[in-house]
Amino acid sequence: MQKKGEMTVEQDAAQRENSYSRRLKKQLADIKDYILCPEDEYPALYVGTYYKYNCGSIFGAWIDLTACEDYEDFMNVCHHLHADEQDPEFMFQDFMYFPERWYTESCLTEEVFDKIILWFGLSEDKQKAYEEFMWLYGDEDYQHFEKSYIGDYKSEEEYAREYAEDTYPSFARSALAAYIDYEKFADELFSLDLSFSDGHVFRDNY
């Protein structure tokens, strides 16, 4: 028989659940300045934990990487978000607004974090060129990209014309310039140490 003032098992469970929900809401409130706003298009990760996921919960938040001062700050935010776990194993369940090659569900290293922030600071055209460089050469070193990247062109022939005009300006202005086969000249240039990929020209020997 239930004594006066005692809670039923169901009431106790409900109270515990409400208390846990309040704690999670507080954890979200503590990091509100780091949560991605719906209208923003900044590099972000949805940060949950494997423990919660295995328990049937996808509780977490979209963390704006650009709102973090550095990688250490990002990790501190993740720990605040999941402060209800003593040693949370973070699960990056989804990503937005950065190259897919840098996304993994189980890990974000400091090196990759820094690459994402650097990439985000580039112009849109340069972001695309850097992504194409990584795809073409399998090289993620930004300094190598800077040495290799020449510019954007509609075709190999357009680059060849510009190269000829810059390298031989007096000849390019002469009447003889009309007789140059720029298509063949482009073939010669790109058979040496140049590559043309999706509108971008790269120097192979960087």
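Two residues are said to be in contact when heavy atoms of theirs lie within 4.5 Å. By that rule, and setting aside neighbours within four places in sequence, V47 is in contact with F59, G60, A61, I63, F74, C78, L81, H82, F90, M91 and F92. The model is predicted.

**Overall make-up**

The protein chain contains 9 helices and 6 strands. Of its 206 residues, 36% are buried. Among contacts with a separation of 6 or more, 60% join residues 24 or more positions apart.

Strands β2, β1 and β3 form an open sheet in the order β2-β1-β3, with antiparallel pairing. β2 (61–64) and β3 (90–96) are the edge strands, and each pairs on one side only. From one strand to the next, the twist averages 35°. Helix α3 (residues 71–81) packs on this sheet and touches β1, β2 and β3. The direction of α3 makes about 115° with that of β3.

Strand β1 (residues 44–49) is joined to β2 over 4 bridges in the antiparallel sense. Within this pairing, V47 has A61 of β2 as its bridge partner. A61 is also among the contacts of V47 listed above.

**The other sheet**

An open sheet of 3 strands, also with antiparallel pairing, has the order β4-β6-β5. β4 (149–152) and β5 (194–197) each have a single partner strand, so one side of each has no neighbour in the sheet. Neighbouring strands here are turned by 20° against each other on average, direction ignored. β4 pairs with strand β6 (residues 200–203) in the antiparallel sense over 3 bridges. Y149 has F202 in β6 as its bridge partner. Helix α5 (residues 124–137) lies across β4, β5 and β6, and runs at about 55° to β6.

| Strand order | Pairing | Average angle between neighbouring strands |
|---|---|---|
| β2-β1-β3 | antiparallel | 35° |
| β4-β6-β5 | antiparallel | 20° |

In soluble globular proteins, nonpolar side chains tend to be buried together. The largest nonpolar core here has 34 residues, and L45, V47, I63, F74 and Y130 touch the most other members. At least two residues of this core come from each of β1, β2, α3, β3, α4 (110–120), α5 and α6 (142–148). The most is given by α3, with 6 residues. Another core, of 8 residues, lies apart from this one and includes Y159, L189, L194 and V201.

**Cysteines**

How many disulfides does a search of the whole structure find? The search finds 0. C78 is in no disulfide, and the nearest cysteine sulfur, that of C68, is 7.4 Å away. A disulfide would need the two sulfur atoms within 2.5 Å.

Are C78 and C55 buried or exposed? C78 is buried, with a relative accessible area of 0%, and this residue is one of the contacts of V47. C55 counts as exposed because its relative accessibility is 53%, and the cut-off for exposed is over 50%.

How values were computed: Residues are numbered from 1 along each chain as its sequence is written. This is a predicted model: local features need pLDDT of at least 70, side-chain atom pairs count only at pLDDT 80 or more; totals for chains, interfaces and linings use all residues. Side-chain values use heavy atoms; hydrogens and water are left out. Buried means under 20% relative accessible area, exposed over 50%, partly exposed in between (1.4 Å probe, protein chains only). Two strands pair if DSSP finds at least two bridges between them. Axes are lines fitted to C-alpha atoms, for helices over the stretch in contact, and angles run from 0 to 180 degrees between N-to-C directions. A nonpolar core is a set of buried Ala, Val, Leu, Ile, Met, Phe, Trp, Tyr and Cys residues joined through side-chain atoms within 4.5 Å.
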